[in-house]
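Here is a short briefing to read with the model open beside you. Please keep the sequence and the structure in view as you go through the points.

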Amino acid sequence: MPSKTFSVQTRGTFDLFEVTDKIEKIVRGSKVKEGMCFVFTPHTTACLIMNERESGFLEDFKKTILRLIPREGNYEHNRLGEGNANAHIISSIIKPYLVLPIENSSLNLGTWQNLFFLELDGPRTRNVSVQIFK
Ligand code: ZN
């Protein structure tokens with residue numbers, strides 16, 4: 001099945017943007033009852049995460065990631081002048097894709113699982129593609 005792509009306009013250097021509904025809509029539109037949903041973002045300074053939509057947690061997540069891998073640092077990649085080495089590192093660790101189960105024509109997520117696009121070097125316009133496998 002060909003992939004479907006949508007774009008996300010991020011607002012800050014570091015930004016979380018919920019994409020659960022956009023992906024669920026594509027899954028329902030595919031008419032696939034049981035299968036797999038592959039969500040992919042073709043960028044080296046962004047990634048995708050799955051977790052709880054709770055403002056305290058989302059703030060904790062941001063603070064923790066940036067404490068572990070801060071924007072400022074003695075990174076070799078920053079000699080190019082973009083200053084986004086930490087964004088490349090975080091994207092490499094977290095990964096720019098998710099694989100999700102489809103059951104009964106919908107995403108079979110846990111009650112507290114929501115899907116987020118994680119911008120690490122914005123603001124930018126980003127693409128997310130969704131491919132469904134039967
Ligand atoms: Zn770079």
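**Around Cys37**

Setting aside residues up to four places away in sequence, Cys37 touches Ile23, Val27, Leu98, Val99, Leu100, Ile102, Leu107, Val130, Gln131 and Ile132. Bear in mind that this is a predicted model.

**Cores and cysteines**

- Cys37 is buried, at 0% relative accessibility.
- The largest nonpolar core has 20 residues, and Cys37 is listed with Phe6, Ile23, Val39 and Val130 as those with the most contacts inside it.
- At least two residues of this core come from each of β1 (4-9), α1 (20-30), β3 (35-40), β4 (46-51), β5 (97-103), β7 (114-119) and β8 (125-133).
- Another core lies apart from that one; it has 13 residues, including Ile49, Leu58, Ile65 and Leu118.
- How many disulfides does the model have? The count comes to 0.

**The zinc site**

- Which residues hold the zinc ion? His77 (NE2), Glu82 (OE), Asn84 (OD1) and His88 (NE2) coordinate the zinc ion, at 2.1 to 2.3 Å.
- Along the sequence, these donor residues follow the spacing H-x4-E-x1-N-x3-H.
- The 4 donor atoms make angles of 92 to 163 degrees, and the site is irregular.

**Helix α3**

- Helix α3 spans residues 85-94, and its buried residues are Ala85, Asn86, Ala87, Ile90 and Ser91.
- As a general point, an α-helix has 3.6 residues a turn, so residues three or four places apart point the same way.
- The cover over the buried residues of α3 includes β4 and α2 (55-68).

**Two loop residues**

- Thr10 sits in the loop between β1 and β2 (15-18).
- The side chains of Thr10 and Glu119 are joined by a polar contact of 2.8 Å.
- Beyond its neighbours up to four places away in sequence, Thr10 touches Asp15, Phe117, Glu119, Gly122, Pro123, Arg124 and Arg126.
- Lys33 belongs to the loop between α1 and β3, and at 54% relative accessibility Lys33 counts as exposed.
- Which residues does Lys33 contact, leaving aside neighbours within four places in sequence? The contacts of Lys33 are Ile102, Glu103, Asn104 and Ser105.
- Lys33 and Ile102 are 69 residues apart in sequence, and 6.9 Å separates their C-alpha atoms in space.

Methods: Residues numbered from 1 in each chain as written. Predicted model: local features only at pLDDT ≥ 70, side-chain atom pairs only at ≥ 80, totals over all residues. Heavy atoms only, no water. Donors = N, O, S within 2.8 Å, 3.2 Å for Na, K, Ca; no water. Tetrahedral: all angles 85-135°; square planar, octahedral: opposite > 155°, others 65-115°. Disulfide = S-S within 2.5 Å. Buried < 20%, exposed > 50% of the residue type's maximum accessible area, 1.4 Å probe, protein only. Core = buried A, V, L, I, M, F, W, Y, C linked by side-chain atoms within 4.5 Å. Helix = DSSP H or I, 4+ residues; strand = E, 2+ residues; numbered from the N terminus. Contact = heavy atoms within 4.5 Å. Polar contact = N/O pair within 3.5 Å; in protein donor to acceptor, adjacent residues only side chain to side chain.
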